[in-house]
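Q: Could you pick one spot in this model and take me through it up close? After that, I'd like to see how a few other parts are put together.

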Amino acid sequence: MNPEYLLQQAAHSRQVHLIDCFNIIRKHKWVVIIFFLVVVSAVTAVTFSATPVYKATAQIIIERRSLFTSGMVNVANMDPYDQNYHQTQYNLLMSRSLARRVIEDLDLAEGFAALPNTSSHESADISGSSETQIPSYIVNWYLSNLEIVPLPGTHLLDINYLNSSPEMAARIVNAHAHAFIERNAQRQRLVSFRTLDWLKTQLLAQKMKVGTSQQAIYEYKYQQLKSFSPGDESIFSLPELMESYVIQDLRRRLSEFQALRLEMSTKYGPKYPKIVEVDANIRRLEQKLTDEVYRIRDSIKMELDRIVALEETARKNQHSLQQMSASPEKAINYNLLHLEAENDQTMYDILLKHLKEISLTGDMERDNIRIVDEAELPLFPTKPRVFLNISLAVILGLTFGTGLAFFLEYMDKTVKTPKDIMQHLGLSVLGMVPYDRSLKRNKMLALPPGDSCGSGNSFKDSYYKYDVSYGLIAKLPLMQSRASGQVFLVESTIAGEGKSTVLAKSAISLAKGVLRVIMVDADLQRPSLHYLFGLENGRGESGLINAMEGILSQGLKKGSLHEYSIDDLFSLIALKKQSGQLVITNDTQSMSAIFENGRLFHMQNQVISNTNQPPSTNRLGSILIREGIITESQLKDALERNQRTGQPLGYILINAGYINQSQLQRPLKLQIEERLQKLFSWKQGTFAFKPGRVETYEDKRIYFEEDYVPLINRLGALAGSRLIEKEVLSYAKSVHESNLTLLPAGTGGGNVKLDGPLYYTLLSKFLTILKQHYDVVLVDGPPFQEAASSVTPLLPLVDGVIFVIKAGKASIESIHRATTHIKSVNSNIIGVVLNQTKTGYNDLS
């Protein structure tokens, strides 16, 4: 499972109580106090050193304009009732042009030059500037002290001005209000004058337009009547002709005669007397109609001449009208001209009416902006507010100081107290190393030369700083009745947590309890135990790696069991992954073990000819006979073949068809296990190893890949080692006492890969040997976070892990990740040693 998920689950499962918050504040109390004092002191100093600032306030009202000329809004294209009217007035109050006017009226530019914050360059600009050219920075300074505050729900607004002088503040704000009202009145009067001028101009133009329209109408009528013919029906649509009774009567009579003429022409010829008479009447009526139309044309001509005469004085140029051709469009053109003339007359009447209104009421408009309350002299400064500032400083100092403490606690994901270990990691605390700043400056040895583990005041005086014996011996599982000692891996999350120092002092603590203790420095990247105990030659000190290289350099051809034990022989073959046959002979019999790539493959037993020992192969046969797999005659036949050919008995039985592979597997395994037990009991004899590939009889598969390594390891631990044990113990160095020993990391020539399987196999063998000679084996491993791949193979080799945590060093998440990984490989974490902690031992409970 993901370690981060487990960490979050552990954090959520624990309820946070109020006492935890008080503990956090108490833990970071100096942060809170210092932050509080800094904030209050800074605010107090700034408050009492600041220049008092006074605020003067004047109140004005802005109402909607009530103009008598409101009816001209659409005509003059002016809308004083815009929905943003009030917002526009607020912005005008803050306009730069108004600010420049007030600065000029009150001569504030000189006062600005005298301010302490004004530079010499700015003062020169002010002195050289004219009244009409106020520098921009003076206007910016003025506007920065000006405030416009609308009162919600009303047309009132406050004009505030800030200044260090109360008299100047009141004077400036009143001047600003009056200047705004005067400027607004001037603007309104200017609008009225412009409107009046516009109306006069429009009235004159409209008057000219009305005359032009009337002239166009009469001109049109005259031109139409000038070319009159009785057959042109369109000419009679003119109002003068349509309204004339004489013309209408003549047209009626003319129509009757024309209809009669048309009827008679179907019966009679053109010379018929009645038709001649009708034609004469028609010509007479047409002449009368023409005379009447000409009379009306002459009257229109007279009216046109009158209009032209009236406009001659106002017009310099007169545009002649185009002659319109006689067509059905003549009536339509007349109607358009008539409608245009009526519109011009109506517009003229409207303009004339409003001109009279403005002339009568031009000075009767009332001002819509006025002062409600002028500014009075402020009695108290608005800035700084001493009581408010200090009160806020106290509140903010405590609030943010406490918040900073919680923030630091939130950001601090490290372990600092035993309570953190138990709550966040769920591990027990073996002991603590108290914090001592002098240890950073003075690097003292773990056990100074000349001091022993048993007594000595000088040792006691320097040792108490690293004393982790509190509860350590009692909590280690050493009370179990075991034939050998126990191996503990001392681990940490990252480098620099004091893992090696804690291991050294823990070893001294255990040695004081009359326990045989050996320290193994397995942190090959940064070995340090030899430094702590003052051994010479630094990294050149021989040790663990040298012992491994010495063992691997041993040749395996032939020799005596006085120098090599059976365990040594099997271990060397396994380490070097050799294939071949190992023949071991004592006084009575010879036993051969067949290996392939370092693994035991098969074993054979032969009785020496001058002894009375029964053949060893009868053991396999007796097992097969006892289980009813073969008969005695079949066994006798197989034994005879074995003596003739030298082939394995199992191969003969299978080849003869007496048994199959599954029937042979179990009895063969029992036979090999019995032979292994017997072989490891030999203490005397000789051996010879013949390397090379051996016959495995794959066609009948009489050999099975059984794993005999656990049995070989158990038998080897009971029988003991000679060569490997001698090599390992030769590099173990006693540290001023017989019960405290150190096996340094040493240096090698590169024959052993430090993170390879060969290294861990040898280390496992070494630890097994050391357990037989010491009560406690403490292994200094590499830091987990930097070498997790090197730590993981070490875990199955030890009986438990002692985890070292330096207070305030590694984060809880990284520690949790390391401990979770250790537990995931079924390794037991004995407990935690908290190094360099500022917490007393009473916090362990």
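A: **A close look at I62**

Setting aside neighbours within four places in sequence, I62 is in contact with Y85, H86, Q89, Y90, H155, L157, N368 and I369, where contact means heavy atoms within 4.5 Å. Bear in mind that this is a predicted model: local features need pLDDT of at least 70, side-chain atom pairs count only at pLDDT 80 or more, and totals for chains, interfaces and linings use all residues. Residues are numbered from 1 along each chain as its sequence is written, and side-chain values use heavy atoms, with hydrogens and water left out.

I62 belongs to strand β1, residues 54–62. Helices (H or I, at least four residues) and strands (E, at least two) are DSSP runs numbered from the N terminus. With a relative accessible area of 0%, I62 counts as buried; the cut-offs are under 20% for buried, over 50% for exposed and partly exposed in between, with a 1.4 Å probe and protein chains only. The chain also comes back to this spot: the C-alpha atoms of I62 and L156 are separated by 6.5 Å, though the two are 94 residues apart along the chain.

The buried residues of α5 (residues 85–93) are Y85, H86, Q89, Y90 and L93. They sit on the same side of α5 because they cover an arc of only 145 degrees around the axis, the arc being that of the directions from the helix axis to the C-beta atoms. As background, an α-helix has 3.6 residues a turn, so residues three or four places apart point the same way.

Helix α13 (residues 273–311) makes a handy comparison, and T290 lies in it. T290 counts as buried at 12% relative accessibility, and it touches F228 and P230, leaving out residues up to four places away in sequence. D298 is also found in α13, but at 41% relative accessibility it counts as partly exposed.

Now for the insides. The largest nonpolar core has 94 residues, and those with the most contacts inside it are F570, L600 and L676. Helix α30 gives the largest share of this core, 8 residues. A nonpolar core here is a set of buried Ala, Val, Leu, Ile, Met, Phe, Trp, Tyr and Cys residues joined through side-chain atoms within 4.5 Å. Apart from residues up to four places away in sequence, F570 touches L582, A593, F595, L600, L676, L679, F680 and I712. There's also a second, separate core of 35 residues, which includes V102, I148, A170 and A177.

Zooming out, the protein has 32 helices and 17 strands, and 43% of its 845 residues count as buried. Among contacts between residues at least 6 apart in sequence, 77% join residues at least 24 apart.
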